[in-house]
Amino acid sequence: MALPDPDDACDAEDVAATSCALDRFSETADVRSLIASLPEIYPDGTATESAMERFVAIMDRYQEQPHLLDPHLEWMVNMLLELNRSEKTPAPAVHLGCKFLYVISKVRGYKVFMRLFPHEVSDVQPVLDLLCEQDPNDVTTWQTRYVLLLWLSMTCLIPFDLSRLDGDLSREPIMDRIFTVAKSYLKVGDKCRDAASVLVSKFVTRPDVKQKRLGDFLDWSLTTITLTSDLTMQGTFLLDGILQSLAQLFKRGKRDDVLQYAPTVMKCLDQRQLSENKQAVLRKLGVKLVQRLGLTFLKPRLAKWRYQRGSRSLTLNLSQSQSSKPVEALTPAEDTEVEDEAYDIPEEVENVIEQLLIGLKDKETTVRWSAAKGIGRVTGRLPKELADEVVGSVLDCFSFHETVNAWHGGCLALAELGRRGLLLPSRLFDVVPLIVKALTYDEKRGTCSVGSDVRDAACYVCWAFARAYEPNELKPFVTRIASAIVITAVFDRDINCRKAASVSGTFPHGIDILTAADYFAVANLNNCYLSISVYIAGFPEYTRPMIDHLVTMKINHWAGAIRDLAAKALHNLTAKDPDYMSATVLPQLLPKATAKDLHTRHGAILACAEITHALSKLSAENTDTLYIALQFISILCLDDICVCSDCVCVCLIADWQWLIDDTLKSLHMFSSSTSQDIRVESYPFAYDFLVNQYTDMLTSTEVLTRASAALALGSLPKFIINNKLQQVAWNQIHVTLYTGSTGTGFSGAVRYDIMVCKSAGVCARGSPDCVLCAGNVGGVYTVLLDCMDDYTTDSRGDVGAGVRAAALSSLMEVTLLVAGTSPEIQRTMCCATQQAAEKIDRFRAHAGAVLLQLLHSREPAVPHIPQKEELLSIFPPAGYLDWKAASQAFPHITQLLRLQCYQYHALLGLTVSVGGLTESTVRHSSQSLFEYLKGIQHDEGALVQFGDTLLRIFRDHLHNDRVSVPLLKMLDQMLANNSFALFAAKDNHPFCVDLLALCKEEIKKSRDILKLQSCIAVIMQPRISSWQIRKAAASQLYETLLTYDDVIDPAVLDDVMTLLSDTNWESGLETVRTYRNQLCDWLELPRPKLLAKVQ
């Protein structure tokens, strides 16, 4: 499953550990007034909706603490039931009251809620009559039917024979009426099906009903299960209702009453093979029913052999805690085995357990969870030997060839067994190693991994064990379990697993650790890796296990962010055990640094670098650690060395250079995202031959190899690129950027090109080979400004956006570097303006930040910004602007249209946004644009200038669908809003003539339906060959003539309108060509002629 990016986690200081727990129900007065007002407001739809929303908002506050409602449930339910029990209450008021009742049942749960219903004999007939009056197909009143079914399920429990209520012999008996209604609601598609299953289970288990109807109902149910298809929605609903009813029936019914039917039901389920059904809900209900059948087969008894942790009484525990006598775990009695052997286990139980074990491996979590609870319930009634066999079968789920679903189901089952005392301490030696392994379970699937649910369930197992066993029983395993839990709480990638582990159990130094790694603190992944881990590593029990986990599990992780954090964590942990790092960890990392797997290689290189850096800092602080650092260098060189810096340097270069070269040359064999991680961390180490080698790689046929060489060159320190700046920077980088046809991978190359310039430094009159100066700064600007035109797209979308963003950042940095030498700034500002007006929110925000940085920079101040005063009035320094919000950004961007210097680029960016697909961007950008056009409607000079700029954009981007199609959509909106009414009032205005010519040129020989339709909307010319275009053109012309009926001769207007509306424009060309020619004659237009094909 895809997992959230850890970089999206909030900062630690932003996590507020505030409690949201409530202590009482504080809205009593509001709820009373709302319920009391229902009889008056029900006719008013607005007031009813407002009251309903208010009531839902109040009740939803108590979703996590519904017990706070208990003291108030009775009066709330009684007030609402008064509406239903009164014969004078209109039907809409009854439905409204039932909606309020359903909200209460949803929050508190139907089991507690239904106990509050009155269940007197006098209530049976009215509730049944009211339920029979409802329409099962009315989707607006299902809450009423749901509440009435629950109410009826309570009233049918009256301790009197239902036949006594049949006063009118002409009517159908009440028993038959309830039975019919209950069966009819088992097949509905709403929540009423659940309530009907509760009604059936309570009704057919009545003493008087079970004698007459229980057998008939089971026969009907089994026949329906056998014959009903689950391929239809109605069939699925019916099977769902019947399975729910059977599960409830075998749960509520007396064992003596239903035992005789259990084998038949089990045989029917085996034939139906629900475990192989495609519907998850049916598989879940099948497992639920199977476990209820298993409990029916077994006698209802509590296993005496189970493990019991002292007394379950709080009073007894408190009294014993005051005495000196400790509370001991209860052990099974000696006669338990004799009793177990005397108990005969039915053969069907083996089939039940087998079905539940299959359910543990189901692909749906709900099915596995239900199977795990079934395993716990059934095992609690088995003899000790059979229960131990069940535990062994559950442990088989943790085999290496089992799927992630089996591991998850096994963890849930172990938690249930441990929580119920059915996992004896003797089994902990087999179970604990599996749980420790499950706490770090992570299986790679494609570009992500699965296993977070397994780790979460393993935390649940630890939580259950900590509360099920005495400390002495867990003492041999405390170290392993505690280390695994702490590692999961600190280093797990999934936030839910970290939070689950932080509250999973007790372990050494638990209070101190939980204070630092509490439920809220572990929410931030960076804080866990870089801060909390250092604190916990201060306890010797956890230092080396944490380091080993990072080395074995995290430096080869599929996510680059995790590898980076793991390396940084190793850097921070080096000070806790430098000897172990140099003598054990580094020898383990070095072979991984040359591994074929790119993830492993990348993480190992990072880890080696971070640990080396940490050892070097320790050697500077403490002379004793100098020997450790030298030992590490000898390991790197794989040979004995003398303590001579030159020898060390030569050995290091020889050993590491091969690794770097091999990595760079192999990048094209791996995914682009992984390759990017490797390229960014490639640090070449020295000398002329390195420069020559990497510049030669710039001519490679592999795109990623060229980009990687550019990144490596950008990493070179100043003393290596001295006198080689011209060679390293823009000349060869320029070749790299323009040799490939895709923007992928080049954003990093652009950034590292600027790093070269920053490393070299700035000097206006310096040498072009040594520093950034007047002689070469123009080349840098040329490369970066050309990158701003990278709009490469592929299956992932606009991949060139990364290059544009990197180039824009680089333009800002180089401009600030050379600000004192008066750089040419106009094109940079124009490019930033265009990007700030485009459609992608995050890149618009990035461009806006660059624009404001250049505009408001003071140290250094950027000179020669065109029309700077006007820009400052639009973007004041004190104002805050959320560029990602289209509603805030575009009103400022459209103000740039009145600045001649920025009009072209601002309008070019707006064109893509106004004619785009994102609804919010289109709405706000077009609204801002039309507000600007409305302001210049009577300024002919400004409108002419705007029109000329618009035509220039059209002309510059002819046949460029990225711009031309949105431009046509924008023109359609402009014409519909009469934005160019001033031009349309004049015959043969140059704008209209040029626009028509450009539209014709754009659609020449085009087969793009979207472009043709957009163009037709502008020029309204019904002559395109495609029937879709012909139909659209005819429709557009028809609508235009309805609006402007004075543009053609009134004598032919009716004929033209009739022909346009009645003609089937989907017919063949030969047929519709006759009608088109007739239109041309009526409109006094020349008939189009076919051009002869050129041989």
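## Helix α3 against helix α5

Helix α3 (residues 45-60) and helix α5 (residues 91-108) bring their axes within 10 Å and cross at roughly 15°. Axes are lines fitted to C-alpha atoms, for helices over the stretch in contact, and angles run from 0 to 180 degrees between N-to-C directions. Helices are DSSP runs (H or I, at least four residues), numbered from the N terminus. α3 and α5 are therefore roughly parallel (angles under 35 degrees). Their crossing is right-handed, meaning that the near helix is turned clockwise from the far one by less than a right angle.

From α3, the contact (heavy atoms within 4.5 Å) takes in Thr48, Ala51, Met52, Phe55, Val56, Met59 and Asp60. From α5 come Leu96, Lys99, Phe100, Val103, Ile104, Lys106 and Val107. By class, the contact has 10 nonpolar, one polar and three charged residues. Ala, Val, Leu, Ile, Met, Phe, Trp, Tyr, Cys and Pro count as nonpolar, Asp, Glu, Lys and Arg as charged, and the others, Gly among them, as polar.

## Model basis

The model is predicted: local features need pLDDT of at least 70, side-chain atom pairs count only at pLDDT 80 or more, and totals for chains, interfaces and linings use all residues. Residues are numbered from 1 along each chain as its sequence is written, and side-chain values use heavy atoms, leaving out hydrogens and water.

## Helix α4 against helix α5

Helix α4 (residues 70-85) packs on α5 at an angle of about 160°, with the axes 8 Å apart. That makes α4 roughly antiparallel to α5 (angles over 145 degrees). The crossing is left-handed, with the near helix turned anticlockwise.

α4 contributes Asp70, Leu73, Met76, Val77, Leu80, Leu81, Leu83 and Asn84 to the contact. α5 supplies Ala93, Val94, Gly97, Cys98, Phe100, Leu101, Ile104 and Arg108. The class count is 12 nonpolar, two polar and two charged residues.

Technical notes
Helices (H or I, at least four residues) and strands (E, at least two) are DSSP runs, numbered from the N terminus. Angles under 35 degrees count as roughly parallel, over 145 as roughly antiparallel, 65 to 115 as roughly perpendicular and the rest as oblique.
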